[in-house]
Amino acid sequence: MNGNATFRHRDTAVLSVTAVDAPVVKTSAEFDEVIGDSYRRNGLRPGMLAQLAGIEERRWWGEDQTFVDGAVEAARAALQQAGVDAGSVGLLINTSVSREHLEPSIAVSIHHDLGLPSACLNFDLTNACLGFVNGMQLAATMIDAGQIDYALVVCGEGSRSPQERTLERLAADDSTAEDILSQFATLTLGSGAAAMLLGRASEHPQGHRVVGGVTRAATEHHELCVGDFTEMRTDAQGLLVAGVGLATTLWQDAAEEFDWDDMDRYIVHQVSRVHTSRTAEALGLDQSRIPLTFPTYGNVGPAAVAITLAKEADSLTRGDRVLMMGIGSGLNMTCLEIEW
């Protein structure tokens, strides 16, 4: 395979990874109550979010909070956990899908609130739900190149506004079964934040080495999931089939360079019960090694893999092999190995 689809990192380690929970819990039963009449009027059964997607609840930020506040809190915790001063950070990458405006970048707000130095490069990197893993890859490339000593990759996501608007639309008397099914994915989203600090492995032997990975694209499927500031419309079945197909192709190609059949943890993007089980079956993965956060956090976009890793970190031991498995609508997928 030509290009940069397969890559290895030489001297980068994960020094810390943190997650911040949004405080307001919203259950799927509450959502069902809001749009229950629309379900019944259109011949659909309430309970699909819990029974089909496996999502019992998700979280919202409080009315006085934003996803940026969450990202800043997670970043501060990551710096403190690693014992690294903010003045040493040379790169800040914000990977959130959520945004309240087109410009300036979300990164500038986070950079300012953290008090990062003027010499710290900062920008947004958006690639749907794959953004955080892409941010890790880019940060590791710059550390390996000697351009920076430390990088912060952050992500804050807020699902409250699009979900409130979607619930209002779907509760209307003129909502159709097609409306409910096409906007169903919006109701699976969650709010939360995560941050990761990366540094030079040779200077931090206690860190967790970033080994390398493989990335693949299937952009012929770029219209299967399209979101804007108010809603997300998805061909759920088409996205499932295309996503599993892309994962299978990547897995087969990766076998030439990596042996990922017996990893200690598979940190998959948290979409739903169906997506997780179908992907695991297609790749032959041991599902007991796939920690799940979607049942109580929903799909927290690009932050989902980092949140899952942060919550799993205490159960990992030195030498464990961890595979970050990110996928984003478009479609793009990257698997990135970490030696814990």
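Student: Let's go. Which way do R265 and I267 point from strand β12, and which way do Y266 and V268?
Tutor: Keep in mind that this is a predicted model. R265 and I267 point one way from β12 (residues 265–268), and Y266 and V268 point the other way. All four are buried.

Student: How many bridges join β12 to β13, and how do the two strands run?
Tutor: There are 4 bridges, and the strands run parallel. Strand β13 covers residues 321–328.

Student: What stands opposite R265 in β13?
Tutor: V322 does.

Student: Rings next. How many aromatic pairs are there?
Tutor: The count is 4. One of them is W251 with W260, a tilted pair. Their centres are 5.8 Å apart, with 50 degrees between the planes.

Student: Are W251 and W260 buried or exposed?
Tutor: W251 is buried, at 11% relative accessibility. W260 is buried too, with a relative accessible area of 2%.

Student: And why is the W251 and Y266 pair called tilted?
Tutor: Because the planes of W251 and Y266 sit at 50 degrees. The tilted class lies between stacked, under 30 degrees, and edge-to-face, over 60. The ring centres of W251 and Y266 are 6.4 Å apart.

Student: What does that pair tie together?
Tutor: W251 lies in helix α8 (residues 236–254) and Y266 in strand β12, so the pair ties together parts 15 residues apart in sequence. Y266 is buried, with a relative accessible area of 0%.

Student: Which residues make up the ring cluster?
Tutor: W251, F258, W260 and Y266, linked by ring pairs.

Student: Switching to charges. How many salt bridges are there?
Tutor: The count is 16. Side chains of opposite charge can pair when their charged atoms come close.

Student: Start with R40. Which side chain meets R40 in a salt bridge?
Tutor: D37 does, at 3.1 Å from N to O.

Student: How are R40 and D37 placed in the helix?
Tutor: They are 3 residues apart in helix α1 (residues 28–41), so about one helical turn separates them.

Student: Is that pair buried or exposed?
Tutor: R40 is exposed, and so is D37.

Student: What about D149 and R200, how far apart are N and O there?
Tutor: That salt bridge is 2.8 Å, N to O. The pair links distant parts of the chain, 51 residues apart. D149 is in the loop between α5 and β7 (150–157), and R200 is in strand β8 (residues 192–200).

Student: How accessible are D149 and R200?
Tutor: D149 is partly exposed, with a relative accessible area of 41%. R200 is buried, at 12%.

Student: What is the distance in the salt bridge between E203 and R200?
Tutor: Their closest N and O atoms are 3.9 Å apart.

Student: So which residues are in the network?
Tutor: D11, D149, R200 and E203, linked by salt bridges.

Student: Is Q137 buried or exposed?
Tutor: Q137 is buried, because its relative accessible area is 17% and buried means under 20%.

Student: What is Q137 in contact with, leaving aside neighbours within four places in sequence?
Tutor: F7, H9 and T334.

Student: Pockets now. What's the volume of the second largest pocket?
Tutor: About 150 Å³.

Student: Which residues line the second largest pocket?
Tutor: L15, S16, V17, Q81, A82, H208, A310, A313, D314 and W340.

Student: Which elements give two or more residues to that lining?
Tutor: β2 (12–21) and α3 (67–82). β2 gives the most, with 3 residues.

Student: A310 is in that lining. How many residues of helix α11 are buried?
Tutor: 9 of its 10 residues, so the helix (residues 303–312) is mostly covered. A310 is one of the buried ones.

Student: Which others are buried in α11?
Tutor: A303, A304, V305, A306, I307, T308, L309 and E312.

Notes
Residues numbered from 1 in each chain as written. Predicted model: local features only at pLDDT ≥ 70, side-chain atom pairs only at ≥ 80, totals over all residues. Heavy atoms only, no water. Buried < 20%, exposed > 50% of the residue type's maximum accessible area, 1.4 Å probe, protein only. Contact = heavy atoms within 4.5 Å. Pairing = 2+ DSSP bridges. Phe/Tyr/Trp six-rings, centres within 6.5 Å; stacked < 30°, edge-to-face > 60°. Salt bridge = Lys/Arg side-chain N within 4 Å of Asp/Glu carboxyl O. 1 Å grid on protein atoms, 1.4 Å probe; cavity = no way out; pocket = protein on both sides within 12 Å on 5 of 7 lines; lining within 4 Å. Points joined across faces, edges and corners; volume = space filled by probe spheres on them.
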